[in-house]
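Open the model in your viewer and keep the selection tool at hand. The stops below say what to select next and what is there.

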Amino acid sequence: MDINALIKEFKNHDLTNFNTFYNLTNRQVFFSAYSILKDQGLSEDIMQDTFVNFLNNIDSFKLGNNVYAYL
């Protein structure tokens with residue numbers, strides 16, 4: 001499934017396919033955090049916080065923008 005299609009669902013408060021989105025994006029978010037923190041546990045915590053904040057602020061994301069940069 002296309003990431004933008006998933007985000008459209010999230011904007012409509014449908015989180016049915018969140019696991020698909022998470023599986024597509026979690027590695028990049030984790031390794032970005034790990035490259036800075038050099039701690040696996042902290043990186044996992046930051047990764048979870050990132051996804052919660054993403055969903056809480058989904059309305060500010062503009063479809064077509066780079067979701068990886070936004071995360």
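Select L42, which counts as partly exposed because its relative accessibility is 44%. The terms used here are buried for under 20% relative accessible area, exposed for over 50%, and partly exposed for anything in between, with a 1.4 Å probe and protein chains only. L42 sits in helix 3, which covers residues 40-56. Helices are DSSP runs of H or I with at least four residues, strands are runs of E with at least two, and both are numbered from the N terminus.

This is a predicted model, in which local features need pLDDT of at least 70 and side-chain atom pairs count only at pLDDT 80 or more, while totals for chains, interfaces and linings use all residues. Residues are numbered from 1 along each chain as its sequence is written, and side-chain values use heavy atoms, with hydrogens and water left out.

Together the four make a nonpolar surface patch of about 370 Å². A patch consists of residues with over 30% relative accessible area and no salt bridge; nonpolar side chains (Val, Leu, Ile, Met, Phe, Trp, Tyr) are joined within 5 Å, and like charges within 9 Å. A salt bridge is a side-chain nitrogen of Lys or Arg within 4 Å of a carboxyl oxygen of Asp or Glu. The areas come from the Shrake-Rupley method with a 1.4 Å probe, and for residues only the protein chains shown count as cover. At least two residues of the nonpolar patch come from helix 2, and at least two from helix 3. L37 belongs to helix 2 and counts as partly exposed because its relative accessibility is 36%.

Move on to K38. Which loop holds K38? K38 lies in the loop between helix 2 and helix 3. K38 is not a glycine, yet its phi is positive, at about 55 degrees. With 59% relative accessibility, K38 counts as exposed.

D39 is found in that loop too, between helix 2 (18-37) and helix 3 (40-56). Its relative accessible area is 33%, so D39 is partly exposed.

Another loop runs between helix 1 (3-11) and helix 2, and H13 is in it. H13 is a residue other than glycine with a positive phi, near 65 degrees. Its relative accessible area of 68% is why H13 is called exposed.

Is T25 buried or exposed? T25 counts as buried, because its relative accessibility is 0%. T25 is placed in helix 2, and its side chain reaches the backbone oxygen of F21 at 2.8 Å. A polar contact is a pair of N or O atoms within 3.5 Å; within protein, one must be able to donate a hydrogen and the other to accept it, and residues adjacent in sequence count only if both atoms are side-chain atoms.

A33 also lies in helix 2 and is buried, with a relative accessible area of 9%. T20 is found in helix 2 and is partly exposed at 33%.

For the last stop, select V67 in helix 4 (residues 67-70). V67 counts as buried, with 6% relative accessibility. V67 and F54 are 13 residues apart along the chain, with 9.8 Å between their C-alpha atoms.
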